[in-house]
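The following note collects points on the fold, the helix packing and selected residues of the entry under discussion. Please read it alongside the sequence and the structure.

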Amino acid sequence: MLFSEVIGHANLKANMIRNAKSGAIPHAQLFLGLSGSGALPLALAYAQYLHCENPTDKDACGQCAACNKSRQLIHPDTHFTFPFIPNPDVKKKSDEKPVSADWMGHWRKFLESHAYPDVYDWMDAMAVENKQLNITSAECAEIIKHSNLKSFESKYKVFIIWMPEYLDKEGNKLLKLLEEPPADTIFLLVAEDEKSILATILSRTQLTRIPPLAEGDIAEALLKQGVPANQANQVARLSEGNYRLAQDLLHTNDFGFEQLLIDWWGIILQNRKGDFVAFADQFSKLGREKQKYLIIGAISLLRQALMLQQMRQPSALWNEQEQAVCTALAQRLQLKQFERIVSLLTKLHGYVERNGNTKLLGLNACIHIARIING
Ligand SMILES: [Zn+2]
């Protein structure tokens, strides 16, 4: 992937290029950001830049043999580690343990269709539901083994470790390597949740926070994709700097997302308990993805309401009905209540993602949020 194909983050890209040009590349870096902010695409572009035979001041050349291999994710000096379960289609000798590489074929196809993936997309791609993914001890041994080999074609050996959150205690095997890797060996760890990473790993990596994307950058990317300007702006505004979410939101117009969102807040604000079950019923029929958008929409609206309350600035981008809900929330909620509801909705989002009983979840959410608001 080229830097030019990664949305936004001009400063971060410039930094990476500066480091690469100077040869002073931190040998263990942690890119921390939500999947939709582009931490993984940045790591892929960085690896390609490091391998490229004719890099410019702005990007890899995109033409050389190394770039071709990087684009196809077959560069022999880029090693991928990601969470996995044993691949049932890969036969192993009795002394061989499953490793990430058993899934490389799936991984390549996966990244072709998911430029801004998260771990749930990856679970879908491996067709493993409700199984515990892991980055295993054997995979750590594999990393150590490869790090001791000479690079094949590039000056650098790059190890991209996606979702180091899945490294359990076995991750401690890597500490020495992260601390003192062989020359020209670069580790790029790509994570979403700082709290779930081993402290011993965190302390040995240089942290780069990948912030949410600018709304304008998302809108521009959507325009390039051929999305009409109106819709691109609206989706960019709702997506909160998350391109992955923006992609999802593109498909929401077909289920009356905005009206449902207004209705949901309406029954809660008015504490219309009799309508909770009907809402939960409607919610449960939406399907996982749409349920997630609705929850994110609800959080987004809540944030707008908080902005309105704190800064007294209504957002010009919201329509009249949304403004009315924002105003009502801003008038009635204290900061603590905002926090409790956002936390509750965030949990709900997690439950939905893990395929909970969504009718019950929807009902519970209504009851609890109404209780927080109405006492
Ligand atoms: Zn190149």
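Among contacts in the protein chain between residues at least 6 apart in sequence, what percentage join residues at least 24 apart? The figure is 75%. The numbered points below set out the remaining remarks; the model is a predicted one.

1. Overall composition. The protein chain contains 17 helices and five strands. Its C-alpha trace spans about 65 × 50 × 35 Å along the principal axes. Of the 375 residues, 38% count as buried.

2. Overall dimensions. The radius of gyration of the protein chain is 23 Å, which agrees with the value near 21 Å that a compact globule of 375 residues would have.

3. Helices H14 and H16. Helix H14 covers residues 288-311 and helix H16 covers residues 335-353; the two pack with their axes 10 Å apart, at an angle of about 165°. Because angles over 145 degrees count as roughly antiparallel, H14 and H16 are roughly antiparallel to each other. The crossing of H14 over H16 is left-handed. On the H14 side the contact is made by Arg288, Gln291, Lys292, Ile295, Ile296, Ala298, Ile299, Leu302 and Leu306. On the H16 side it is made by Phe338, Ile341, Val342, Leu345, Leu348, His349, Val352 and Glu353. By class, the residues of this contact comprise twelve nonpolar, two polar and three charged.

4. Spacing along a helix. An α-helix has 3.6 residues a turn, so residues three or four places apart point the same way. The contact residues of H14 towards H16 include Ile295, Ile299, Leu302 and Leu306, and may be inspected with this spacing in mind.

5. Helices H12 and H14. H14 also packs with helix H12 (residues 257-269), at an angle of about 60° and with the axes 10 Å apart. That angle makes H12 oblique to H14. The crossing in this case is right-handed. Phe257, Leu260, Leu261, Trp264 and Trp265 of H12 meet Tyr293, Leu294, Gly297, Ala298 and Leu301 of H14. The contact residues here divide into nine nonpolar, one polar and no charged. Ala298 is listed in the contact of H14 with H12 and in the contact of H14 with H16.

6. Helix H10 and its surroundings. In helix H10 (residues 229-238) the buried residues are Ala232, Gln234, Val235, Ala236 and Leu238. These buried residues pack against helix H9 (215-224), helix H11 (243-249) and H14.

7. Glutamate 240 counts as partly exposed because it has 19 C-beta neighbours inside 10 Å, whereas a buried residue has 20 or more.

8. Positive phi at asparagine 271. A positive phi, of about 55°, is also found at asparagine 271, again not a glycine. Asparagine 271 is in the loop between H12 and H13. With 15 C-beta neighbours inside 10 Å, asparagine 271 counts as partly exposed.

9. Glycine 8. Is glycine 8 buried or exposed? With 22 other C-beta atoms within 10 Å, glycine 8 is buried. Glycine 8 lies in the segment before helix H1 (10-22). Leaving aside residues up to four places away in sequence, glycine 8 touches Leu213, Ala214 and Asp217. The C-alpha atoms of glycine 8 and alanine 214 are separated by 7.3 Å, although the two residues are 206 residues apart along the chain.

10. Glycine 287. The loop between helix H13 (276-284) and H14 holds glycine 287. Glycine 287 has 11 other C-beta atoms within 10 Å and is therefore exposed. From C-alpha to C-alpha, glycine 287 and leucine 249 are 14 Å apart in space, and 38 residues apart in sequence.

11. Alanine 199. Helix H8 (residues 199-202) includes alanine 199. Alanine 199 counts as exposed, with 8 C-beta neighbours inside 10 Å. Its C-alpha atom is separated by 9.8 Å from that of asparagine 172, 27 residues apart along the chain.

Definitions and conventions. Residues are numbered from 1 along each chain as its sequence is written. This is a predicted model: local features need pLDDT of at least 70, side-chain atom pairs count only at pLDDT 80 or more; totals for chains, interfaces and linings use all residues. Axes are lines fitted to C-alpha atoms, for helices over the stretch in contact, and angles run from 0 to 180 degrees between N-to-C directions. Helices (H or I, at least four residues) and strands (E, at least two) are DSSP runs, numbered from the N terminus. Angles under 35 degrees count as roughly parallel, over 145 as roughly antiparallel, 65 to 115 as roughly perpendicular and the rest as oblique. A crossing is left-handed if the near helix is turned anticlockwise from the far one by less than a right angle, and right-handed if clockwise. Two residues are in contact if their C-beta atoms, placed from the backbone, lie within 7 Å. Ala, Val, Leu, Ile, Met, Phe, Trp, Tyr, Cys and Pro count as nonpolar, Asp, Glu, Lys and Arg as charged, and the others, Gly among them, as polar. The radius of gyration is taken over C-alpha atoms; the globule rule is 2.2 Å times the number of residues to the power 0.38. A residue is buried if 20 or more other C-beta atoms lie within 10 Å of its own, exposed if 12 or fewer, and partly exposed in between; C-beta atoms are placed from the backbone.
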